[in-house]
Amino acid sequence: MEVQGKVKMIGETQTFGSNGFRKRELVVTTDEQYPQHILVEFVQDKTDLLNNYQAGQAVKVNINLRGREWVNPQGETKYFNSIQGWRIEAAQAASASGEMPPVPPADAFEPAANVNEEDHDDLPF
């Protein structure tokens, strides 16, 4: 799966526990009628992938959805979801700005011949 949009925020790398687990958060704002602010986590060696990106930059992020089950001290089971990034790249300018891709020049198309001739077809409309 992937998410596209503009980088809203890139967090600092955080290190947890004695084994040195690393995590870094990225927020991507989608470009749609109701923009969404999607939090994507990059973990371990993937945290370095964010070093060359900055707020405002259009990106495409490849993601995996992750889910966990946790039983709290009261014995209740809780479920948590996270979005984990594993690749990030700069988005193409046309797709980031919402513009249409370039159209080939008109002379690249062969002109239609005999457009005024009546074609007999069997379409009901």
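Visitor: Is Trp 70 buried, partly exposed or exposed, and what is its relative accessibility?

Guide: Buried means under 20% relative accessible area, exposed means over 50%, and partly exposed lies in between (1.4 Å probe, protein chains only). Trp 70 counts as partly exposed because its relative accessibility is 44%.

Visitor: What kind of model is this, and how are residues numbered?

Guide: This is a predicted model: local features need pLDDT of at least 70, side-chain atom pairs count only at pLDDT 80 or more, and totals for chains, interfaces and linings use all residues. Residues are numbered from 1 along each chain as its sequence is written, and side-chain values use heavy atoms, with hydrogens and water left out.

Visitor: How many helices and strands does the protein chain have?

Guide: Helices (H or I, at least four residues) and strands (E, at least two) are DSSP runs, numbered from the N terminus. Here there are one helix and six strands. Their order from the N terminus is β-β-β-β-β-β-α.

Visitor: How is a pair of aromatic rings described?

Guide: By the distance of the centres and the angle of the planes. Rings of Phe, Tyr and Trp (its six-membered ring) pair if their centres lie within 6.5 Å; planes under 30 degrees apart are stacked, over 60 edge-to-face, and the rest tilted. This structure holds two such pairs. Phe 16 and Phe 21 form a tilted one, 6.5 Å centre to centre with 40° between the planes. Trp 70 and Phe 80 form a tilted pair too, at 6.3 Å and 55°.

Visitor: Which strands hold Trp 70 and Phe 80?

Guide: Trp 70 lies in β5 and Phe 80 in β6 (residues 77-90), so the pair ties together parts ten residues apart in sequence. Phe 80 is partly exposed, at 36%.

Visitor: Which residues make up the largest nonpolar core?

Guide: A nonpolar core is a set of buried Ala, Val, Leu, Ile, Met, Phe, Trp, Tyr and Cys residues joined through side-chain atoms within 4.5 Å. The largest here has twelve residues, including Val 3, Leu 26, Phe 42, Tyr 53 and Ile 88. Strands β1 (2-10), β3 (21-29), β4 and β5 (58-71) each supply at least two of its residues. β5 gives the most, with three.

Visitor: What does Tyr 53 touch?

Guide: Contact means heavy atoms within 4.5 Å. Leaving out residues up to four places away in sequence, Tyr 53 touches Ile 10, Val 59, Ile 88, Glu 89 and Ala 90.

Visitor: Where is Leu 39 placed?

Guide: Leu 39 is in strand β4 (residues 37-43). Leu 39 counts as partly exposed because its relative accessibility is 38%.
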